[in-house]
Amino acid sequence: MTDAPDSFELLPGDGQSPVILHVPHAARRIPDAVRAGIVLGDRELARELDLITDAHTDRIAEVAAGLAGVTPWRFVNRLSRLVVDPERFPDEREEMLAVGMGAVYTRTTHGDALRSEGVDAGPLVERYFLPYARAMTEAVADRLESTGRAVIIDVHSYPSRRLPYELHGEGPRPPVCLGTDPFHTPPALLDAAREAFGETRLDTPFAGTYVPLEFYGKRPEVSALMVEIRRDTYMAEPGGPAGPGLKRLGAALARLVDGVSR
């Protein structure tokens with residue numbers, strides 16, 4: 001499937017589940033060859049990882065999978081988003097290029113240099129981004145073939161205070177932000193999320209959701225929602241241990257999974 005077999009993992013769920021819990025930003029691991037191209041010192045890199053990693057979201061998804069009545073599938077990135085960010089466009093369509101955070105980041109959360117000027121993103125895109133995109137496309141296609149539909153639930157977290165890189169961070173920062181797409185987020189999916197999580201807001205401070213490009217805007221049977229959890233509700237910021245909120249949020253995510261699995 002890929003020449004980078006340890007960079008992500010598809011954890012099987014029930015054959016009749018349409019749900020894929022997508023966890024793209026939970027990891028901190030950076031291969032040595034990629035680390036060599038990052039200009040930060042070890043202490044500065046550790047701090048950046050604290051700020052940019054959606055810590056413990058893989059554990060939230062794991063709890064949800066264990067509690068759900070019909071076990072969802074989980075697609076988990078095992079590398080840091082500082083290697084590549086699989087949810088960015090790999091070309092000029094990506095608005096985060098304005099702050100040096102396209103598919104391959106060149107700037108930190110505070111606008112400092114992460115990689116050298118003029119770095120060629122192509123090798124990292126080829127090595128890590130494209131295999132990830134192909135595998136996620138295959139996972140969605142498999143759910144479509146098996147169940148007639150696919151429900152992608154993106155599991156993210158975000159800091160309680162705005163970081164400088166955020167392009168649209170001036171709005172409210174609710175306990176749970178629900179990122180939507182006008183084509184791929186049907187009202188029933190939003191209703192299930194609101195019922196599961198309680199206090200939520202739509203598309204603030206982050207908007208949109210992830211759908212593989214092969215299906216984007218074409219296949220309404222593929223529905224999608226981004227769940228952005230404010231970090232102070234379940235962990236010590238930045239980059240600290242999880243607290244009791246993790247299990248509560250895992251249970252809420254399980255309720256969402258159950259609500260859309262029927």
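Biologist: Ser-7, Asn-77, Leu-79, Ser-80, Val-83, Val-84, Pro-86, Tyr-128 and Tyr-132 line the largest cavity. What makes these residues its lining?

Modeller: This is a predicted model, where local features need pLDDT of at least 70, side-chain atom pairs need 80 or more, and totals for chains, interfaces and linings use all residues. Residues are numbered from 1 along each chain, and side-chain values use heavy atoms, without hydrogens or water. Now the lining: each of these residues has an atom within 4 Å of a cavity point. The points lie on a 1 Å grid over the protein atoms alone, where a 1.4 Å probe fits but cannot get out.

Biologist: How many cavities of 30 Å³ or more are there?

Modeller: One. The largest cavity has a volume of about 60 Å³. That volume is the space filled by probe spheres set on points joined across faces, edges and corners.

Biologist: What classes of residue line the largest cavity?

Modeller: Six are nonpolar, three are polar and none is charged. Ala, Val, Leu, Ile, Met, Phe, Trp, Tyr, Cys and Pro count as nonpolar; Asp, Glu, Lys and Arg as charged; the others, Gly among them, as polar. Tyr-128 and Tyr-132 are in the lining, and Tyr counts as nonpolar by this rule.

Biologist: Why is the other kind of space called a pocket?

Modeller: Because a pocket is an open set, with protein on both sides within 12 Å along at least five of seven lines. The largest pocket holds about 1,000 Å³. Its lining has 42 residues, with Glu-87, Arg-88, Glu-94, Ala-207 and Thr-209 nearest the centre. Helix 4 (122–147), strand 4 and strand 7 each give two or more residues to this lining. Helix 4 gives the largest share, five residues. By class, the pocket lining has 20 nonpolar, eight polar and 14 charged residues.

Biologist: Tyr-132 also pairs with Phe-8. Why is this pair called edge-to-face?

Modeller: Rings of Phe, Tyr and Trp (its six-membered ring) pair if their centres lie within 6.5 Å; planes under 30 degrees apart are stacked, over 60 edge-to-face, the rest tilted. Phe-8 and Tyr-132 are 5.5 Å apart, centre to centre, with 80 degrees between the planes. So the pair passes both tests for edge-to-face. Phe-8 lies in strand 1 and Tyr-132 in helix 4, so the pair ties together parts 124 residues apart in sequence. In total, the rule finds four aromatic pairs.

Biologist: What is the order of the strands in the sheet?

Modeller: The seven strands run in the order 1-3-2-4-7-5-6, in an open sheet with mixed pairing. Strands (E, at least two residues) and helices (H or I, at least four) are DSSP runs, numbered from the N terminus.

Biologist: What makes strand 1 (8–11) and strand 6 (200–202) edge strands?

Modeller: Each pairs on one side only.

Methods. Pairing = 2+ DSSP bridges.
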